[in-house]
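Thanks for asking me to look this one over.

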Amino acid sequence: MHRSRSLFLFALVAALLVGCNADPASNSSDSAPPTEPSTEAPTYPTAIQIDGEASDWNEVPVRHTDPTGDGDALDFERLWVAHDSERLYLRVEVGSAINLQEDNDLTLHLDTDYDANTGTDVQGMGADLSWTFGERSGRVYANGGRPEIEHEAIGLATLPTVTSSVFEIALDRDATPATAPLFRADSLRIAFTGGGDQNPNDGGLSYAFSDTDLPNWPTPELERTTDTGVRVLSYNAERDGFFEDSRATSYTQILNAVQPDIIGFNELYENNAEATRERVESLYGTPESGQWYVDKKGIDLIMLSKYPILATHAITGYQNYTSGAYLLDTEDDLGTPLLVILAHLPCCNYDDATPSRDVRRQLGVDSIIAFLREAKEGEAAIDVPENTPVLITGDMNFVGDAQQPNTLKTGTIVNTGEFGESTAPDWDGTDLLDVNPRQTGTSLHSTWMGRGSSYPPSRLDYAYVSDSVLDVAHAYTLYTPGLPDSLRQAHGLDADATTTASDHLPLVLDLVQR
């Protein structure tokens, strides 16, 4: 697009003024959109991570503050907008805690060609995309039609997956739903509706994409960053997919790239511990210690360790949803034993069973914290020496009440009548560290990619550590499509290795003694 020198200087001055204002558009809804991209629209090229946390938004000014008290089920508050070369990022406050993926009518509207005369009229702007989060579907204006689309068509990712009043949203700037580009201009306009409220109350909020000063993510590092410590791989193998011949090459590539000392598998239902040991040896090999020590707990949890397993215990949560506690002899590499608790909590919210799946997950996390309390008091079923580092990991399926991840972090037990009093889970009386590693090569922290599902990518796999006695030297979620070609080739990884192997991604942790 051609611009005069004076127009360029005006845009530059406007951008600098906006950058100096902590809230450049607070309590403003902007006027009706013009049919050409506006040079006055704010732009914030920023390295945002979709991780469910707020710290990386600190340098992004609030784009709009909506009046409070004018909503019903929802009452919009503040909205932030940013972008990088790959994604548009939104952070929105909705006024009350909801499950974004279910049971709400929160809808995002985008005028992606910056033309009020195209799309569907929403508050005076022409919406080319309308996505309703609780219905997990949307529609785009394309080629004169209004076809329905799913999350994959727009590269949608959101966090947190649990209930919250604040959500991060990302969309793929290169998305082409219904064979037409989603973003068709240098600028766009944004609006939210739902719960009897609108944000903004009139029109839409302008935003401009800038191709200058875009942040670059550092090249992922797959190798260990320290000569000491242990490497843990936590992995949901998608219903015994680890044993399917069609996935063998992908699993071989992943294991050889990661080179774990400890492997915690979820969803190995049909195969026992010995069969899993043989499969790992055939795909990956035997560790330098001479053998894999292996044990199965519950219906699907299998622990493999190059370190001797000193003791195990089955932690009963709800019925057959059992977590496994493993005390490993990591003295040579960590300086102490390591207590690993491997868990796989009930999935989803898709039935009306009693108790609800939310209640079942809470029983599971309560039982883990109760075991840690007993271990700290010297009353657990296995003897855990004082200040033994603790790792809790696995597919937690946190898709409901935010109390469940909060319990594992803080030790707050809900079902005290069954599991006793709450306890600070770390040895020094503090919270555990929620590691929350980022995907390799992307800005997302999703660990389940929503393949073939109406649910968008979600964070289901977790790792908590007792950081009073344990440091996380390095951590990542391996996502091979996000890796540069040169890095994949150096590690013998196909681009689709992780997406072929499982619907979950591998979590990799390098743990060292503090």
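**Notes on the model**

1. Helices here are DSSP runs of H or I with at least four residues, strands are runs of E with at least two, and both are numbered from the N terminus. Lining this cavity are Leu-372, Ala-375, Lys-376, Val-390, Pro-425 and Trp-427. By class they divide into 5 nonpolar, no polar and 1 charged. Ala, Val, Leu, Ile, Met, Phe, Trp, Tyr, Cys and Pro count as nonpolar, Asp, Glu, Lys and Arg as charged, and the others, Gly among them, as polar. The space inside is about 30 Å³.

2. A word on what you are looking at. This is a predicted model, in which local features need pLDDT of at least 70 and side-chain atom pairs count only at pLDDT 80 or more, while totals for chains, interfaces and linings use all residues. Residues are numbered from 1 along each chain as its sequence is written, and side-chain values use heavy atoms, with hydrogens and water left out.

3. Now the chain as a whole. It holds 10 helices and 26 strands. Its radius of gyration is 24 Å, which agrees with the value near 24 Å for a compact globule of 514 residues; the radius is taken over C-alpha atoms, and the globule rule is 2.2 Å times the number of residues to the power 0.38. Along the principal axes, the C-alpha atoms fill a box of roughly 70 × 55 × 40 Å. Buried residues make up 57% of the 514, where buried means under 20% relative accessible area, exposed over 50%, and partly exposed in between (1.4 Å probe, protein chains only). Of the contacts (heavy atoms within 4.5 Å) between residues at least 6 apart in sequence, 68% join residues at least 24 apart.

4. The structure holds 2 cavities of 30 Å³ or more. On a 1 Å grid over the protein atoms alone, a cavity is a set of points where a 1.4 Å probe fits but cannot get out; a pocket is an open set with protein on both sides within 12 Å along at least five of seven lines, and lining residues have an atom within 4 Å of a point. Grid points are joined across faces, edges and corners, and a volume is the space filled by probe spheres set on the points. The largest cavity has about 40 Å³, and its lining includes Trp-131, Phe-133 and Arg-136. That lining has 5 nonpolar, 2 polar and 1 charged residues.

5. Which residues lie nearest the centre of the second largest pocket? They are Cys-347, Cys-348, Tyr-350, Asn-397 and Leu-460, from a lining of 30 residues. The lining has 12 nonpolar, 10 polar and 8 charged residues, and the pocket holds about 630 Å³ of space.

6. Next, an open sheet. Its 5 strands run in the order β1-β2-β3-β11-β10, with antiparallel pairing. The edges are β1 (64-65) and β10 (157-159), each pairing on one side only. Two strands count as paired if DSSP finds at least two bridges between them; β1 and β2 (residues 78-83) have 2, and His-64 has Leu-79 as its bridge partner.

7. Please also look at β14 (residues 205-208). Leu-205 and Tyr-207 point one way, Ser-206 and Ala-208 the other, and all are buried. In a regular strand the side chains alternate between the two faces of the sheet. β14 pairs with β12 (residues 187-194) in the antiparallel sense over 4 bridges, and Tyr-207 is the bridge partner of Leu-188.

8. Finally, some backbone details in loops. The peptide bond from Asn-199 to Pro-200 is cis, with omega near 0 degrees, and Pro-200 sits between β13 (197-199) and β14. The bond from Thr-354 to Pro-355 is also cis, with omega near -5 degrees; Pro-355 is in the loop between β21 (338-344) and α6 (357-376). Gln-123 has a positive phi near 55 degrees and, at 18% relative accessibility, counts as buried. Asn-436 has a positive phi of about 50 degrees and is buried at 7%.
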